Amino acid sequence: MRKLRIFTAIAATSALLIGGCGTADQDSTTPAPGGSGGALAPVKLQLQWFFQAQFAGYIAAVDQGFYKEQGLDVQLLEGGVDIVPQTVLAQGKADYAVAWVPKALASREQGAGITDVGQIFGRSGTYQVAWKDSGITKAADLKGKKVGNWGFGNEFELFAGMTKAGLDPGKDVTLVQQQFDMQALLKKEIDAAQAMSYNEYAQLLEAKNPATGKLYTADDFSIIDWKTEGSSMLQDAVWANTEKLSDPAYQQQTVKFLTGTIKGWAFCRDNAEKCRDLVVAKGSKLGKSHQLWQTNETNKLIWPAPGGIGVIDEAAWKQTVDISMTTKNQTGDTVLTKSPEGLAFTNDYINQAITAAKAAGVDVNGTAFQPTEVTLTEGGA
């Protein structure tokens, strides 16, 4: 494992590597937001991975005209292996970016001028998955096992969970660099694999059991959920350019962008199949059943939102920062060396956006949200 600098070198946080990546090579500016009937203000949002339902709310906000209602012409910049969203933002090549909080804070510590202005995912979606007959059900059970993880800063929930359980991640387990799929677990080359609830875990349930000729089911696996273990960290957030936040025009644009974003995610909460179709039409290489699963699971990370979608919970923020500063990987590195300084996050703009969305009749809490049952097909087709 390389040192801390590499943790922000790859934007591969949560998905199967599925194809070529987009680019974000044009500098963006911050024109005054367009008004009703006026010219739309161009805005670029850098995503952290390829088009998939992890970003369904942004895709829907573009397709359904929610950003246009706010006077914005939003362009979604596809992510990829060699694209670091927070760096693209800090370099002025995008107006906003979607990134995991610990990775973005690591970039921030290294000089990136960025601020979390909307914590869209209020919950972590990271699992460690094992075969049911392995007896692995909690972090302590990983002792002496071959444990897969993606590295590059994705491993700290796992390491924090093991540390909390009294294990030394560098000595008590055999760490294996895992690809962004579940083949190593399916082939039983490792005992436990890292997975996102909305992506890699579904890949297991889309795989055929050679012994039965049928798809695997949830009964074949056990899950360690870091939310239950108490070592979860904040993930997908909307980041803004800190310096530009001193500009009233950018402040106004940020509120408008977040208002459209709220509408997009509320739409996907209430229209999961429609959003699945929008994601597939956008060019996702993953199939329809997989994208519906992903939409459903992503909704679970957002809804219900007691304080309102996107509001940063200070206790969850503190837990993320504490883990980032205290949990060491197998080479002794931590994500952060000190507490974030300056304007690392603010709820000012998301609260204004929530007020605007509520005035437009949008349910910003999703208290009545109920996930659906999704039937996966082989390969997620």
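Visitor: At what angle do the axes of H9 and helix H10 cross?
Guide: This is a predicted model, in which local features need pLDDT of at least 70 and side-chain atom pairs count only at pLDDT 80 or more, while totals for chains, interfaces and linings use all residues. Residues are numbered from 1 along each chain as its sequence is written, and side-chain values use heavy atoms, with hydrogens and water left out. Helices are DSSP runs of H or I with at least four residues, numbered from the N terminus, and axes are lines fitted to C-alpha atoms over the stretch in contact, with angles from 0 to 180 degrees between N-to-C directions. The axes of H9 and H10 (residues 272-282) come within 5 Å, and their crossing angle is roughly 115°.

Visitor: How many residues of the contact of H9 with H10 are charged?
Guide: Contact is taken as heavy atoms within 4.5 Å, and on the H9 side Phe267, Cys268 and Asp270 meet Ala272, Lys274 and Cys275 of H10. With Asp, Glu, Lys and Arg counted as charged, the residues of this contact divide into four nonpolar, no polar and, as charged ones, two.

Visitor: Is Arg269 buried or exposed?
Guide: Arg269 is found in helix H9, and beyond its neighbours within four places in sequence it is in contact with Asn299, Trp303, Asp363, Gly366 and Phe369. The cut-offs are under 20% relative accessible area for buried and over 50% for exposed, with partly exposed in between (1.4 Å probe, protein chains only). Because its relative accessible area is 10%, Arg269 is buried.

Visitor: How is the ring pair of Phe156 and Phe159 classed?
Guide: Rings of Phe, Tyr and Trp (its six-membered ring) pair if their centres lie within 6.5 Å, with planes under 30 degrees apart stacked, over 60 edge-to-face and the rest tilted; the count comes to 17 aromatic pairs. The centres of Phe156 and Phe159 are 6.2 Å apart with planes at 55°, so the class is tilted.

Visitor: How many residues apart are Trp317 and Phe345?
Guide: Phe159 counts as buried at 0% relative accessibility. In the pair of Trp317 and Phe345, the ring centres are 4.5 Å apart and the planes at 50°. Trp317 is in helix H12 (residues 314-326) and Phe345 in the loop between H12 and helix H13 (348-359), so that the pair links distant parts of the chain, and the residues separating them number 28.

How values were computed: Helix = DSSP H or I, 4+ residues; strand = E, 2+ residues; numbered from the N terminus.
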